[in-house]
Amino acid sequence: MNRRTQTALAAAIAAALTLGLGACGSKDKSDSGSGDTAAASSTKGPGADTGTAVGGTPVKGGTLTVLTNQDFAHLDPARNWTLPQMDFGTRLIYRTLVTFKAEPGDAGNQIVPDLATDTGRPSDGGKTWSFTLRDGLKYEDGSPIKSSDIKYNVERSFSPDLTGGPDYAAQYLAGGENYKGPLTGEHLASIETPDDRTIVFRLKRPVAEFAYTATLPTFAPVPPAQEKGTQYDMRPFSSGPYKIESYDRGKQLVLVRNTNWDPSSDPIRKAYPDKIVVTQGLKGGQVDDRIIASDGADASAIEMPWMRPESVAKVLPKADVKARMVAERTGCTDSLYLNTSKAPFDDPKVREAVMWAVDREAQVTAFGGPAIADVATSFLPPSLTGGVKADPLKIPAAGDAAKAKDLLKAAGKTDLKVSLTVSLGDKTRGEAIQQSLSKAGIQVTVNTVDPSAFTDTLGDAKAAPELTINGWCPDYPSGATFLPFLFDGRTIKDKGNQGNYSQFRDQATMDEMDRIAALPDVNEANEAWKKLDEALLQKAPAVPLMWQRRALLVGTNVAGAFGAPGYAGMIDMATVGLKDPAKSQG
Amino acid sequence: MILYLGRRLLGVAGILLAICAITFTIFYLLPNDPAAAACGKTCSPERLVEVKAAMGLDKPVWEQFFVYLLGIFAGRDYGSGASATHCGFPCLGYSYEYSLPVWDLLVDRLPVSVSLAIGSAVLWLVLGLGAGITSALRKNTVVDKILTVLSVGAASLPVYFTSIMLIWGVVRTAGLLPYPAYHNLTDNPLSWASNLLLPWTALALLYAAQYARQSRTSMIEAMAEPYIRTARAKGMPALTVTVKHGLRSGMTPILTIFGMDLGGLLAGAVITESIFGLPGIGRLFYDGLLRSDQPVILGVTLLAAFFIVVANLLVDVLYAYVDPRVRY
């Protein structure tokens, strides 16, 4: 779950933050981005919306270079929960029980078996999930991958020494409350491994989307013999197509082929390059410049941090460079949150007026234009609504000030004065809100807060501002990782709130959330989340503003690059490679 | 002399201890919580307590400080059970972010910062002293005026500006050099030097300007001393007068600032390393700050303090050789 405060300028200012800390925005998942193909042909790069990869199909061999401004936070699968690392780790170094299809567009949101033979078999009304491993799976040293190794890594995610990873295992598994991981010699009884190929998870409650949960790096194998505690981060033992040859933290990571990985056991990963070199610690802007220029080894390079907003002007006007830009939706929704705990937004009529007043097109423009963002029409991003944009309210993208004025008049609230608090980088977007609301007669004062203090400012329930802009990304394509985090009144704390910035507490909404969480059928649950999304739009605790795209550039010799919808638009490492391996260096 | 050295070394230890205590206390007082940062996004209060305990942050500040100090000399164990690792002497703690001993990180990054500091120091000494001495010897001539204007100009350019301009001009526009990256001196001396040329230049320009101004003033003062007149009067060659008598006495103040500057640079040039993408101590410090990696920040602070106080000590000792009037 992820609270996101990302903005164009914030990305620019917090150059170095984009990968690590700024991975707010980051370990989010999913979005198909196939909803508005009409707009795609004119403004989007080939990797965006069109369902194609930049550079065509790669040829096997060569050295792919990855340029980045920072080091990985964690490559240890029990601790890996920020975006570039999740894509990088699970596509290259270790495999998980289930994973996302390596295809652009909608298809990339679908899950497929990875180490397992299927996407899991639920029983006991969704409270027990069983997986069977494929035959003949091997680690980099040729030793067999056992189901107990997956159990071991899931257990590791409970260890207080191994922090930072996804905590879904701790949330879902029975008896996990007081468990402190396997390093002290204790094991978790709710994960059973009756034989070397079978693993059974017993959950506290039915979890319809557990197959999606099993795509997380927590569900990758770690052999107990390789346990090195916190040092495991330096050299995760490979079960995927590449193994670590050298890792000089903050400088360079070199991956070479794992000769014991059997392509016939892995229908997802294409593993085109012979070698992958990650060059770290570069300055953000230089990464863009180098890939635009594509000189020497940079022709065979891709970038990991977001393309910087100031590079947009260097990319879009040049057709040949634009053709090398991937811009898949991140799957996150940016919204304007209305503080429903106090006047004037405790009045649903006033909230509805704001919903109509906001000019969402101006938001997209302020962020950098339609090449890197789309107007949002619902809280749930298209990836969670079956690939199509849900638009139940049919409000014009530029807003309707006249209608908003009428609504305010009907509510008896005129001459409203409110304040909007935004992160420093969001100032332009804040001013766009100010402008559109002033047309409806609402005066807005824009306050900017340093990104480092922004979360704390919003998290304080009493001092929370009347309006704020923020974002949310689902962990995997399920409404369960989205709406409850934004609008469940029970999540409101005095301090440290994350998500429910509207402080929205509505009994009917909470009851419905509980009902949906208990549904054993994942399709039925998804339909119900969509209905709840519609109901929430009517109640207007927030205004969905836009769906950001992750703009990334690739070199002239790179092929098979597209934004992976399952990894928030990161370049899918499973399929990227080179056009001409002979032209790569190193 | 030995007594003096002993006294000074004790002072150095005292200063380092004080810096360590102050930095430690500042971190303790700061509102950010490294345990919460490590624990992750949806950390429950119970889990936070466990993580705090695992990181040793649940103990009172004096105890944490004592454990840290003791660890420097006696080493420490980190983690529990199968994951336990020993951090040997000199244990400056364990990086939260990198899961590596801070000492190892410092040793790993030091060659980059040393390369940057020494290389640029050579460059700025040659440029700065050359310009300063020339100006002093040609006082009030056109040459002096041109050099003065140039050095005032260079001194007023911030290093980030010069760095970006150098990259723009030399790398992006002219394509004369590749984008800088650090190459080991021992692997390939030529690419080591060519990759460091721009960062050296950026730093050297800034320092050279200051050294030119400073050395011009001290040289003018030195050359106006009566003993210079005497030396000239007794028919000593001009070069000997300038170098042996003028320069030697004029350089004492330069030695002082050089000690401080080099000491500071050895512990990392944060801006230069970040702009040129050099993985040195400065960059490590910067990343540590962004990620609240307290052990790294503390380690770099101590290292920087160590370099500066030791450089000062060395300068004081060297004084005795440069200036025969100084006796300890």
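# Chatting through a two-chain predicted model

Reader: What mean pLDDT does chain B get?
Author: The mean pLDDT of chain B is 87, and 96% of its residues reach 70 or more. pLDDT is the predictor's confidence in each residue, from 0 to 100. This is a predicted model, where local features need pLDDT of at least 70 and side-chain atom pairs count only at pLDDT 80 or more, while totals for chains, interfaces and linings use all residues. Residues are numbered from 1 along each chain as its sequence is written, and chains are lettered from A and ligands numbered from 1 in the order in which they are written.

Reader: What ipTM does the complex get?
Author: The predictor gives an ipTM of 0.83, along with a pTM of 0.85.

Reader: OK, how many helices and strands in chain B?
Author: Chain B has 14 helices and two strands. Its C-alpha atoms fill a box of roughly 85 × 60 × 35 Å along the principal axes.

Reader: What percentage of chain B is buried?
Author: Of the 328 residues in chain B, 40% are buried. Buried means 20 or more other C-beta atoms within 10 Å of the residue's own, exposed means 12 or fewer, and partly exposed is in between, with C-beta atoms placed from the backbone.

Reader: Let's do helix packing. At what angle do α5 and α6 of chain B pack?
Author: About 145°, with the axes of α5 (residues 102-137) and α6 (residues 142-155) 8 Å apart. Axes here are lines fitted to C-alpha atoms, for helices over the stretch in contact, and angles run from 0 to 180 degrees between N-to-C directions.

Reader: Which residues make that contact?
Author: From α5(B) they are B:A131, B:T134 and B:S135, and from α6(B) they are B:V143, B:D144, B:L147, B:T148 and B:S151. Contact means C-beta atoms, placed from the backbone, within 7 Å. By class there are three nonpolar, four polar and one charged residues. Ala, Val, Leu, Ile, Met, Phe, Trp, Tyr, Cys and Pro count as nonpolar, Asp, Glu, Lys and Arg as charged, and the others, Gly among them, as polar.

Reader: While we're on α5, is B:L129 buried or exposed?
Author: B:L129, in helix α5 of chain B, counts as buried because it has 22 C-beta neighbours inside 10 Å. It touches B:Y211 and B:S215, leaving out residues up to four places away in sequence. The C-alpha atoms of B:L129 and B:M251 are separated by 9.3 Å, although these residues are 122 apart along the chain.

Reader: Switching to cores. How many residues are in the largest nonpolar core?
Author: It has 157, and A:L336 and A:A561 have the most contacts inside it. The largest share, eight residues, comes from strand β19 (residues 542-553) of chain A. A second, separate core of 68 residues includes B:Y94, B:V112, B:W124 and B:L196. A nonpolar core is a set of buried Ala, Val, Leu, Ile, Met, Phe, Trp, Tyr and Cys residues joined through C-beta atoms within 7 Å.

Reader: Where is B:Y94?
Author: B:Y94 is in the loop between β2 (85-87) and α5 of chain B, and counts as buried because it has 24 C-beta neighbours inside 10 Å. Beyond four places in sequence, B:Y94 touches B:Y78, B:C87, B:P101, B:V102 and B:P295.

Reader: Now chain A: how many residues of α10 are buried?
Author: Eight of the 10 residues in α10(A) (348-357) are buried, so that helix is mostly covered. The cover includes β14 (333-338), α12 (401-411), α13 (427-439), β17 (442-449) and β19 of chain A.

Terms used:
Helix = DSSP H or I, 4+ residues; strand = E, 2+ residues; numbered from the N terminus. Contact = placed C-beta atoms within 7 Å.
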